[in-house]
Amino acid sequence: MNTADHIWHNGEFVAWEDAKVHVLTHALHYGTSVFEGIRAYDTREGTAIFRHHDHLKRLEDSARLYYMDLPFTRDQIREATHELIGRNGFKSCYIRPLVFRGHGPMGLDPEENPVEVMVAVWEWGAYLGDEGKQHGVRAKVSSWRRISPQSLIPHSKAGGQYLNSVLAKIESKRGGYEEAILLDEHGRVCEGSGENIFVVKDGIISTPPQTASILDGISRKSVIEIANDLGHTLVERDIARAELTLADEVFLVGTAAELVPVREIDDIEIGEPGQITRELQSVYEDALHGRAPAYEKWLDVVPVPSKA
Ligand code: PPE
């Protein structure tokens with residue numbers, strides 16, 4: 001991870017080393033934060049943020065579900081992010097907005113604690129490795145089930161909820177795998193620790209539906225649109241665990257990971273990335289990097305500041 005010089009915190013641009021919080025920050029104790037993971041790419045039109053608006057909308061929605069009012073508008077955060085990328089001089093980067101309950105009264109009632117906002121950017125390479133993107137990763141079905149909507153809110157990208165992903169990730173890593181696949185409370189396929197999942201069988205692409213405790217992923221939505229545009233049959237439906245290992249192709253999608261094939265699950269080989277995975281990966285990469293005119297609608301080009 002390549003760090004930046006500046007971070008945006010509560011409306012101010014501050015130096016990296018000055019971007020601090022108090023140890024009594026509510027979110028540190030109780031996980032009361034929501035966040036986003038966004039990527040900006042170096043395109044022909046300049047640095048462009050992929051589906052920026054959709055990510056900021058989801059940030060607002062995640063906050064709302066946890067009773068937090070954002071002290072900045074979506075436009076203010078968008079413009080601050082543009083300036084932050086400019087100030088740090090990155091052509092491409094990962095963008096991490098975070099909304100969190102700050103230092104104030106202790107205890108579980110957070111409503112008197114201030115809602116703070118920060119945006120950080122850094123250069124982040126292939127999340128599951130370059131080799132993984134090329135040849136696929138080895139995954140294991142986790143012993144941890146994905147958080148249930150009966151106790152938490154899978155639709156909200158909330159900090160505390162990520163303890164679930166952290167446990168699954170540690171378990172898979174210590175077991176010698178690159179990623180964990182979580183089932184939902186009913187034992188149906190849900191998603192990766194930080195990615196949505198797709199399986200391909202006999203030419204049909206399937207992915208678990210919104211009701212399967214998944215995060216409503218923006219990469220997932222993009223890949224669904226691309227698959228439909230390419231004329232593939234894509235269905236959102238419940239997927240049984242055995243369908244994973246019996247699939248012709250399996251792949252994961254997420255902002256950090258992008259589109260990553262899975263070549264082995266539970267020590268059963270699926271094989272090198274298949275034809276549909278390769279095709280979708282290639283068109284998706286073109287969309288991210290501004291090489292696909294049909295998907296330029298997804299890019300928020302960072303304006304170059306005029307020299308006064
Ligand atoms: N499920 C989970 C649990 C998840 O965290 C992500 C994103 C996704 C699905 C895919 O969503 P989207 O990025 O909108 O397509 N995970 C973010 C955090 C990863 C991290 O390590 O931090 C990300 O990819 O940025």
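**View 1. The largest pocket is lined by 26 residues, and Y127, K157, Y162, S193 and G194 lie nearest its centre.** A pocket is an open set of points on a 1 Å grid over the protein atoms alone, where a 1.4 Å probe fits with protein on both sides within 12 Å along at least five of seven lines; lining residues have an atom within 4 Å of a point. This is a predicted model, in which local features need pLDDT of at least 70 and side-chain atom pairs pLDDT 80 or more, while totals for chains, interfaces and linings use all residues. Residues are numbered from 1 along each chain as its sequence is written, and side-chain values use heavy atoms, leaving out hydrogens and water.

**View 2. Helix α5 (163–174) gives the most to this lining, with three residues.** β6, α6 and β14 each supply at least two; helices (H or I, at least four residues) and strands (E, at least two) are DSSP runs numbered from the N terminus. The lining divides into 10 nonpolar, nine polar and seven charged residues.

**View 3. The ligand sits in the largest pocket, with more than half of its atoms within 2 Å of the pocket's grid points.** Of the 20 residues around the ligand, Y94, Y127, Y162, S219 and T255 come nearest; a residue counts as near if a heavy atom lies within 4 Å. β6 (93–101), α6 (218–229) and β14 (249–254) each supply at least two residues of this shell.

**View 4. Which residue has a polar side-chain atom 2.5 Å from an oxygen atom of the ligand?** That residue is Y94, and the pair is a polar contact (N or O atoms within 3.5 Å). Look also for the side chain of K157, with an N or O atom 3.2 Å from a ligand nitrogen, and for a polar backbone atom of G194, 3.3 Å from a ligand nitrogen.

How values were computed: Polar contact = N/O pair within 3.5 Å; in protein donor to acceptor, adjacent residues only side chain to side chain. Nonpolar A, V, L, I, M, F, W, Y, C, P; charged D, E, K, R; others polar.
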